[in-house]
Amino acid sequence: MADLYPIRVTVNGELHQCSVAPRTHLVDFVRDTLGLKGSHLGCEHGVCGACTVEFNGRTVRGCLTLAVQADGGTVNTIEGLSRTGVIRDLQDAFVQRNALQCGFCTSGMLMAAKELVEQRPDANRAEVREWISGNYCRCTGYHAIVDAICDVLQQRKAAAGRMEASS
Amino acid sequence: MKAAAFDYVKPRSIDQVISLLQEHGDDARLLAGGQSLLASLNMRLSEPRLLVDIGGLDALRGIGVQGGMLRIGALTTHTEIEGSALVAQHAPLLSAAAPHIAHRAIRNAGTWGGSIAHADASAEWPTCLLALGGAVVARGPKGERRIAADDFFQGLYATALAPDEVLVAGEVPLATPGAWFAFDELARRRGDYAIVGMALTGRRTAGVLADTRIVLMGVDSTPLRARKTEALLNGKVADEALAATAAASLRAEIDPLPDLTNSPETKRHLAGVLLQRLLNGTRA
C-alpha cells in the first residue's frame, strides 16, 4: 500500500492540513475527508462534469485531479460559492427558470456557468450551449439551463452598464 | 471506478525527474495535467506503481518566440494556448484547434506537452504539430535534443521519446505572409473525440497552393499525413473542381481504422467531406 502524503490546501477559504493516499482524487477528498457533499461524483472519468470544482480560480474535473496535486492550492466548492454569495444571481435564475429537477448536475453546472459569465460576459446562446457541453444533465433537456445563464449574462451586463453610467 | 494504489513524488528539477525515470522505468508514469492519465487510472486501464508529478516545474511553462520558432512549454494548458495573443499571431492554427479540445474544465488542466507525449491519434495537438512541421524538444540524461514531428509519432500511443526522456516543449515555425491553414472536426457532440478531424497547412500565392500538408486525426494509429493528396494539390489553384478531385484522391489514399461506432467506410467518406469543405471554405 502506498504511503499517505501530507497536503495543505485551502478549501472555501479554510486551510486544511491532511494526509491523503495519492490515489484519492479531489472530489473524494472534499466529500469524504472534508464532508462537503455538494460536489457529486458521476462517471469518474471526466465525461459528465458533476464533479466540477474551482481549483486556483479555474474549473477542473474533480475526478481528474488528485488531492495531492491540490497541495498548496486553493479550492472552491459549491458550498463556498454559495456562502459568499458570488453566484446568488445564477442560483436565483436556475430556480426561476426551473433549470434543475433532480439537482445532481446542478453544482457542476453552476461552476461551469460561473466561469462562463466571468470569462465570456458577451457570450451568445450558442456559446453558452457550447460552454456547458461538458456538463451532462439528464432531466432538463438543457433549454432551461441555457435560459437561466443567458438571463444572468444580460443582468450582469445591464448592471455593469448602470455602474458605468453613474461613474 | 477508483484508481489502483500508487506512490507519488513531486520533483523540484527536471534532472530529478530523469533519474526517477531511469530508476523506475516502466513502473513510473509522468503526471502533467492528468486529463488522459487519470481517466485511464480510474478505469484501471493502466496501473503504474509511481506517479512522477512534473506540475511543479515552472521552467516547463510559458509561450515565447525563440530562434524563429514559437516555443510552447510542455506544461502550458490548452486554455492558455486558446487565449494567447502570441499564438494567435504566430500559429493561428493552434488558436483555431484549441476550442475543439474536450471542454473548458479539461482545457484548464490538460497540457500541450502531455497531449503530444500521450500521442493519441484522435487528439488535436499531435495533429497540429505535424501539420505545422513542428518539433518536440526532449530532455534526457545526455541533454536536450529536437525531434521533428514527422519522426515523433511512431505508433499507437508510441513516440520517439526514450524511456528516460521528458518532453519539455513543442516548437512550431512562425506563420509567414502567404501561409494559410484550416482546421475542423466531425464529432457527434461538441467536445467529443472527433470521428475524423483534419488540419491543413501550406502557402498560397495568387491562389496557387504550395507546401501543403494534410493531416488527419482519428483515422489511423498516429496522426496521418496524406502525402499523395498533398502532392496533387501543390502547384494548383484551389477551386471547387480541385477540391472534389482532392477528396476523391484522399478517399483512395487512406485506409481508416474503425472505432466502436464508425466503420472504415464512414471515416473514409467523412475525410473526403472534410477536405472538400476546408478547401472550399478557405479559398481566396
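In chain A, the centres of domain 1 and domain 2, taken over C-alpha atoms, are separated by 23 Å. The model is predicted. Domain 1 of chain A spans 5-81 and domain 2 of chain A spans 86-166.

**Between the domains**

The two domains of chain A touch: 14 residues of domain 1 are in contact with 14 residues of domain 2. On the domain 1 side, the elements of chain A that give two or more residues are β3 (52-55), β4 and α2 (78-84). β3(A) gives the most to this side, with three residues. By type, the domain 1 side divides into six nonpolar, six polar and two charged residues.

**Between the chains**

Chain A also meets chain B. Here 28 residues of chain A are in contact with 27 residues of chain B. Three elements of chain A give two or more residues to the side that touches chain B: β4 (58-61), α4 (106-119) and α5 (125-131). β4(A) gives the most to that side, with four residues. The residues of this side divide into twelve nonpolar, nine polar and seven charged.

**The residue types by side**

| Domain 1 of chain A, touching domain 2 of chain A | six residues | six residues | two residues |

Definitions and conventions:
Residues are numbered from 1 along each chain as its sequence is written. Chains are lettered from A and ligands numbered from 1 in the order in which they are written. This is a predicted model: local features need pLDDT of at least 70, side-chain atom pairs count only at pLDDT 80 or more; totals for chains, interfaces and linings use all residues. Two residues are in contact if their C-beta atoms, placed from the backbone, lie within 7 Å. Ala, Val, Leu, Ile, Met, Phe, Trp, Tyr, Cys and Pro count as nonpolar, Asp, Glu, Lys and Arg as charged, and the others, Gly among them, as polar. Domain bounds come from an automatic or database domain assignment.
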